[in-house]
Amino acid sequence: ARASLLMEVTGPGATADGHRVPLLANIGGPRDVEAAVMNGAEGVGLYRTEFLFLDRATPPGDEEQERAYREVLEAFPDGRVVVRTLDAGADKPLAFLPPPGEEPNPALGERGLRMARLHPDVLRGQLAALARAASGASAKLEVMAPMVTDAAEAAFFAGACRDAGIEYPGVMVEVPAAALRARDLAPEVEFFSIGTNDLTQYACAADRQIGGLAGFQDPWQPAVLDLVAMAAGAAGEAGKGCGVCGEAAGDPALACVLVGLGVTSLSMSAPTLPLVRAALARHTLDQCRAAAGAARAARSAAEARESARALLPVLP
Ligand code: PEP
Ligand code: MG
C-alpha cells in the first residue's frame, strides 16, 4: 500500500490497471523547470516559447534562443520536450511581430503559425536554434505549431521542421476545423497536442479574455469533448499520439475523461500534476471510458461534469 501511495505521488502517470499516460509540464522558460521536476513531470508537453520574448522590442538572438532550449532539454535527459514555435498575436502579442494591419478580432487574425508564415526568417531561425539545441541532447525534442487550421498548414510546418533537421514535427489542435478534419492532418505530422483553451474559445465563439463569458469558456462543454474525441480518434487511427496541453488537462476529473476519449498524454501547469496523477492511479481505463461516454451524452457542461464525476468515485 505504501509503494502504491508513493507511485501516486511521484511515479509515472498510469491508470489503476496500468494504462500509461505520460504526465508532462507546461512551461514558459528554464525558470519553470524546477517546479516541473519537483512535481514529477516526465517531460515538457508545452514549452510556450513566446513567453521568453513577451517584453522584447527586437527578435531574440540565435544563441540566446539555443541556450533557453538547451537548458530545458538537459533537465529531462530521459524525457520528451515538446516545444511550441512562437504563438504571437491575439492574447500573446509580441512587439517584434506586429499584425500587418488593423485587426478588429485579433483572436481570428494573424497569430501562431499564420504569423510565422508572414515572417519565414523568424520561423527558420527558431527551428534552426531548436535543432542546434537538440544536437547532443538525449531528451527527445518534438516541435509543434500553434493555431493550425488545415492539412496544407500542417504539411508546410512539418516540411519546415524536417528542412531544419527536426524529426518530430506536430501540430496543436485548437481550431475546430483542425479537429473536424483531423484525419486529413494526421498523416502530415508525428503527433497532435490539443489546446483546449483556444479550442473551447473557438468552438463556443467566446473570447477567452472576457470573464463574463466563462460559462462558455468551459472545456466540459460537450461540443468541446466531441472535438477532442474526433482529434484523438483520428490520431489513433493513424498510429500517432494525441496529447492535451490546455488547462483542461489539470482538472483531475476531466483528465480521466480525456484519457477515456483516447488522449495519450497530458500536459499541465506543474502544481496540478500530483492531483491528476492520483486521479488516474485510482481509476481504470474502463472507468475513464465510461466517464467519457457519460460526459459526451450530457447536454451541458455542468451535466457533463456531474455525470462524469459520478462514475469516478475516488477522485483526490
Ligand atoms: C491552448 O490554447 O489550450 C493552449 C495550450 O495554448 P495557449 O493557452 O498558450 O494559447
Ligand atoms: Mg492556444
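Reader: Which residues line the largest cavity?

Author: A cavity here is a set of points on a 1 Å grid over the protein atoms alone, where a 1.4 Å probe fits but cannot get out, and a lining residue has an atom within 4 Å of a point. In this predicted model, the largest cavity is lined by Thr85, Leu86, Ala88, Leu97, Gly112, Met115, Ala116, His119, Val122, Leu123 and Gln126. Two elements give two or more residues to this lining, α4 (113-118) and α5 (120-134). Helices (H or I, at least four residues) and strands (E, at least two) are DSSP runs, numbered from the N terminus. The largest share of the lining of the largest cavity, three residues, belongs to α5.

Reader: Before we go on, how should I read the numbers and letters?

Author: Residues are numbered from 1 along each chain as its sequence is written, while chains are lettered from A and ligands numbered from 1 in the order in which they are written. Local features of this predicted model need pLDDT of at least 70, side-chain atom pairs count only at pLDDT 80 or more, and totals for chains, interfaces and linings use all residues; side-chain values use heavy atoms, with hydrogens and water left out.

Reader: Thanks! What volume does the largest cavity have, and how many cavities of 30 Å³ or more does the structure hold?

Author: A volume is the space filled by probe spheres set on the points, which are joined across faces, edges and corners. For the largest cavity that comes to about 80 Å³, and the structure holds two cavities of 30 Å³ or more.

Reader: Are glutamate 174 and aspartate 198 buried or exposed?

Author: Buried means under 20% relative accessible area, exposed over 50%, and partly exposed in between (1.4 Å probe, protein chains only). Both glutamate 174 and aspartate 198 are buried.

Reader: And which residues come nearest to ligand 1?

Author: A residue is near a molecule if one of its heavy atoms lies within 4 Å of it. There are 15 residues around ligand 1, and Arg48, Arg84, Lys92, Asn197 and Arg208 come nearest.

Reader: How do I read the polar contacts there?

Author: A polar contact is a pair of N or O atoms within 3.5 Å; within protein, one must be able to donate a hydrogen and the other to accept it, and residues adjacent in sequence count only if both atoms are side-chain atoms. A side-chain N or O atom of lysine 92 is 2.8 Å from an oxygen atom of ligand 1. Arginine 208 also has a side-chain N or O atom 2.8 Å from an oxygen of the ligand. Threonine 196 uses a polar backbone atom, 3.1 Å from an oxygen atom of ligand 1.

Reader: Where is aspartate 87 found, and what lies 3.5 Å from a polar atom of its side chain?

Author: Aspartate 87 is in the loop between β3 (80-84) and α4, and it counts as buried at 0% relative accessibility. The backbone nitrogen of glycine 112 lies 3.5 Å from a polar atom of the aspartate 87 side chain.

Reader: Which phi value does alanine 90 have?

Author: Alanine 90 has a positive phi, near 55°, in a residue other than glycine. Alanine 205 also has a positive phi, of about 50°; it lies in the loop between α9 and α10 (222-237) and counts as exposed, at 71% relative accessibility.

How values were computed. 1 Å grid on protein atoms, 1.4 Å probe; cavity = no way out; pocket = protein on both sides within 12 Å on 5 of 7 lines; lining within 4 Å.
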